[in-house]
Amino acid sequence: MRVVIIGAGQVGESIAADLDGSHEVVIVEQDAERCEELTYSLDVLTINGDGTAVSTLEDAGVADADLVVASTDDDETNIVACSTVKAVSDTFTVARIKNTEYLRTWERSQSAFGIDFMVCTNLLTAESIVRVIGLPAARDVDPFADGKVQMAEFEVSEASPIAGLTVSEADRFDSLTFAALLRDDEVVIPRGETVIEAGDKAVVIGSPGSVRGFAADVAPEEHVGTNEEVVIVGGSEIGYHTARLLGERGFTPRLIERDEQRARDLAEELPDSFVMQSDATDVGFLERERIGDADVMIAALDSDEKNLLSCLLARRLGIERTVAVVDQTAYVDLFETVGIDVGVSPRAVVAEEISRFTREGGAENVALIEDDRAEVLEVEVTEESLLANRPISESIQDFPNCLVIGAITRNNELVTPRGDTVIRPGDHVVVFFETSVVDEVTQKL
């Protein structure tokens, strides 16, 4: 594919880095120094110019492109860039936006703005946070097959009941597949006799019910239900959407917002939330309001430093689980190293969503695991697929050893994969594999 990326920020760079080995990538960026930097670090063509200008887009060859991604940090720039692309070509356009009002407009008329697909950063991030909140010990949760399948990544602590068990001992769910154990820098494809060690990150794929059951086995003391207390720090757009989504799921979150007018507005817009106006770093306020009694705290303030401080204060007050929004993707590992349970990067979430448009064969959904070390991919099987009309025990031999078939849906019903399961054209399969073999796998799928 020929892919033109407008905007070379963290999202644009992440998408380009994911594609430059197997696709022709052109980056349009106004910052000349940034262009030069990416020319040396990635195998891409960079064009220094305004991504909303016809002349710049023609220089980038958008008329011959398969995909244009507008990923600057400015919503209006991305919308104008996609509209300009449509004025000179029929290329498929994807726009990254933050304001959900633009998303609502686009959803009413998907020809609006000249955008074929719109990715809303704030809403996607909130959805990612809410999925993680629902599963104890989960670091990442992604839905597949219209919600009939979930992929979840769990950290196995020393205190976890499954530490020291073999996979066959830990796997007591009919509709669950152990896809991998991430151990240090190694991706272990588990077998029945593989021992789960403390410190492992277990990646499982299965029905939502089986994944929830496994979560309770991993960390039974952290089981989160709608009666559990959730505190959200920061009435940002991400904080607002997180509170709204939790309210729709039966939670009654407490939201702390420093600005008085913003707090009043949020109190009117969030009937299922209890909004408090205060500085979330005021220890006296936190103690008076018994914030330490909460089960989960979500930091959604406007800076990584404030979110880190809020989470550390929460841990000191006794909150067991902390989730932080981390704007700088490179800081996620640092946050988790110093004791934050889950760091959610809006930029990484958006890059993951956009990446599915670049997968050969038309991926239905994509989840990137641990800084792009591995992927979980959903595809619809065609007659040409090496999986079609063959039992899994036979077809799997034609794929790299790191590939695991985690789930199958057929006629909207979940089919648990077994060695003798014959995959049919039209089935949707959810597979796990290491990113290093993505080109080989997607060609064969």
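Reader: How many cavities of 30 Å³ or more does a search of the whole structure find?

Author: First, some ground rules. This is a predicted model, in which local features need pLDDT of at least 70 and side-chain atom pairs count only at pLDDT 80 or more, while totals for chains, interfaces and linings use all residues. Residues are numbered from 1 along each chain as its sequence is written, and side-chain values use heavy atoms, leaving out hydrogens and water.

The search of the whole structure turns up one cavity of 30 Å³ or more. On a 1 Å grid over the protein atoms alone, a cavity is a set of points where a 1.4 Å probe fits but cannot get out. A pocket is an open set, with protein on both sides within 12 Å along at least five of seven lines. Lining residues have an atom within 4 Å of a point. Points are joined across faces, edges and corners, and a volume is the space filled by probe spheres set on them.

Start with the cavity. The largest cavity has a volume of about 50 Å³. Its lining includes Val231 and Val233. Ile256, Ala280, Leu286, Ile291 and Met297 belong to the lining too. Ser310, Leu313, Ala314 and Leu317 complete the set. Two elements each supply at least two of the lining residues: strand 12, at 230-233, and helix 12, at 304-317. (Helices, H or I of at least four residues, and strands, E of at least two, are DSSP runs numbered from the N terminus.) Helix 12 has the largest share, four residues. (Ala, Val, Leu, Ile, Met, Phe, Trp, Tyr, Cys and Pro count as nonpolar; Asp, Glu, Lys and Arg as charged; the others, Gly among them, as polar.)

Now the open spaces. The largest pocket has a volume of about 1,000 Å³. It is lined by 42 residues, and the closest to its centre are Asp140, Ala348, Val349, Glu352 and Leu368. Helix 14 gives the most, with seven residues. The class count here is 17 nonpolar, eight polar and 17 charged residues.

Next comes the second largest pocket. About 580 Å³ of space lies in it. Of its 25 lining residues, Pro190, Arg191, Leu403, Val404 and Ile405 are the closest to its centre. Helix 7 (167-170), strand 9 (176-183), helix 15 (392-395) and strand 21 (404-410) give two or more residues to this lining. Strand 9 gives the most, with three. By class, this pocket's lining has 14 nonpolar, seven polar and four charged residues.
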